[in-house]
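Open your viewer and get ready to click along.

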Amino acid sequence: VILRRVLIANRGEIAVRVLRTCQRLGIETVLAVSAADADSVPAQLADKTIAIGSYLNVEGVVAATVAAGADAIHPGYGFLSENPRLARACEAAGVVFIGPSADVLEAAGDKLAARRHAAAAGLPVLPGGLVESREAGVAGETSEAEETGGAGGTGGVIGLAGRLGYPVLVKAAGGGGGRGLRVVRDPGQLGEAVAVASAEALAAFSDPRVYLERYVSPARHVEVQVLGDGENVIHLGDRDCSVQRRYQKLVEEAPAPLLGETLRVGMRAAAVALGLHLKYQGLGTVEFLVDPERSAFWFLEVNARIQVEHPVTEAVTGLDLVEEQIAVAEGRGLRLSQASVRLDGHAIECRINAEDPAAGFRPSPGTVTSAVFPAGPGLRVDTHIQAGSAVPPQYDSLLAKLVAHGADRAQAVNRLRGALDRCEIGGVATTLPLHAALAADEEFAAGGVELGFLEGWLGRETRSVRDHQHA
Amino acid sequence: MDLNSLTQDDVADILALLDSLPYDELDLETPRFRLTLRRTPGGWTQAAEVRSAPTALTPASRDADEVSGTGKAAADGGSAQAETASMEHRCRPSSIDAPSMSFERVPGEAGGEAGAREADGELVPVRAPLPGTFYRAPRPGAAPFVEVGSRVDADTVIGIVETMKLMNSVPAGVAGTVAEFCVANAEFAAHGATLLRIRADR
């Protein structure tokens, strides 16, 4: 099939990102918009818009696609992007879903199923297991949990945690995005952590199942970009996303710095092996936890969609990943061989969010009064905001992604520093000051920081600011 | 450069030209967009503005009666249209530039409290710490944190305000008895909107 008209079922910067490629390829775009987004920048850039009530309504999105006469849906990331129901509804409606098959989405979306697939494909998986549902049946926020009491014993889960060894990580089976995640350091906290994680998971994913996994620290988050056509699977290099706060990625880079070559080659091969095992079709990411000291890695999960941080991979490969997604969706098969994928230089991305780092990362919805971004060699800005743009409270806080690419990591860091100095967003609080301070930090500049780095760094920064104020 | 009809590559080409010229600013304006490039000591900056009106296939759901697109949608998309209509109902007032403002309607805040004020304890409002969706229960289907008549302490959680996907627990802030709710479950609350009132202990 040749796609002539694509409905984009998303908003924000990724909507603009997908629009751009479609327009370059001569594909007509229809953007699904909620009432709050009817006059957004992406709505203005799209060839057409069509009103939907919610980006989360499968029937609504498919009906809008049919009504718009579009022959495909691009779901972006988040929202319905990994929802197998949408993929199946597309099939039923004779519409192309630009993403993996419904079966793969099901396998990847259920973290426990994904673990089983990874193990079957020969990938190292962290020890862990499902928490029986009656043990996770308590739900509530902090004080509420005590009030409703610990229904059901925690003998089974305590036994499991004991076998894994503390600390353990409580994770949501239907989860992702850091929700439903809890680190538990002793048995006394286990019952409540399981209950809270289960409640969060139910609220966020309509699936209360949680499981335990061995907690590895210090560790790094390294992921491998894969692309498949159902038969052939290749990798497009790796990314490091270890700069996180509360499991939310803030800075990502490609390739992962200071990774031993054996480790790097092993992870890339493992990601391809899993892709082949799943008969993966489309763009996906295999996430790993890396223990750099022991040169060990373990499978974490599969993200069966385009990711927020995909521009760093585009920078070093020179590819347009949305274009590759469309090519696979058109059934054209992989246009690239592994040998033809060349990695060039180093790229770093900063997520500029409408959050106030000086106030505990409090969300800062409102109206953007000014938006000035850097321009120049090696720089890319993906954004959906301009002066006058609304930042509505009901959606996530990502305003823009700044990507700096250089011949090597040192040049990328240098360009990033200069670029951050030229960013200016008014009207809402943003994470820009955090990124500027982080880019100037020596430990970050050295590269290869682990997952605990940012939280520790934030603690030191807060203290140093306080000391300045008292001096 | 993703904010106007020019691509990132176009902007790079323009910058390459500008770099060799003695100009420090380029202001490019068309009916559809405006692009401002400025030379600063550290390098170039860009500010873009798109100004084309969106082309809505449906009448942008301004009017709940007209939301269906072509004939087929009306048949296939019953639920979608229903959802559009209800969303529209909630967001109707206010300007498009600031959708968040349209949620600042706080039911019950203005009226229906005169009688309550006359009773003995002082009525203390509990306000939304952030703009967002107010939830009275920890999860769908669960018992509410508190009901009218519930006894609360200062640190009793009375609800959750969800802002940008983050759940913020709201403490009562004062000991007393819940007198009335001013925002219904799952409704939007503006920053500082009164969520409920507590008759404080004396």
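Select helix α1 (residues 12-24) and helix α12 (residues 321-329) of chain A: α1(A) passes α12(A) in a right-handed crossing, meaning that the near helix is turned clockwise from the far one by less than a right angle. Helices (H or I, at least four residues) and strands (E, at least two) are DSSP runs, numbered from the N terminus. The axes, lines fitted to C-alpha atoms over the stretch in contact, with angles from 0 to 180 degrees between N-to-C directions, come within 9 Å and cross at roughly 65°. Now show the side chains in contact (heavy atoms within 4.5 Å): among them are R17(A) and V18(A) of α1(A), and L321(A) and I326(A) of α12(A).

This is a predicted model, where local features need pLDDT of at least 70 and side-chain atom pairs count only at 80 or more, while totals for chains, interfaces and linings use all residues. Residues are numbered from 1 along each chain as its sequence is written, chains are lettered from A and ligands numbered from 1 in the order in which they are written, and side-chain values use heavy atoms, leaving out hydrogens and water.

Next, jump to chain B and select strand β3 (residues 43-50).

Look for T40(B) opposite G43(B).

Finally, select strand β19 (residues 370-375) of chain A, which pairs with β3(B) in the antiparallel sense over three bridges; pairing takes at least two bridges found by DSSP. Here A375(A) stands opposite W44(B).
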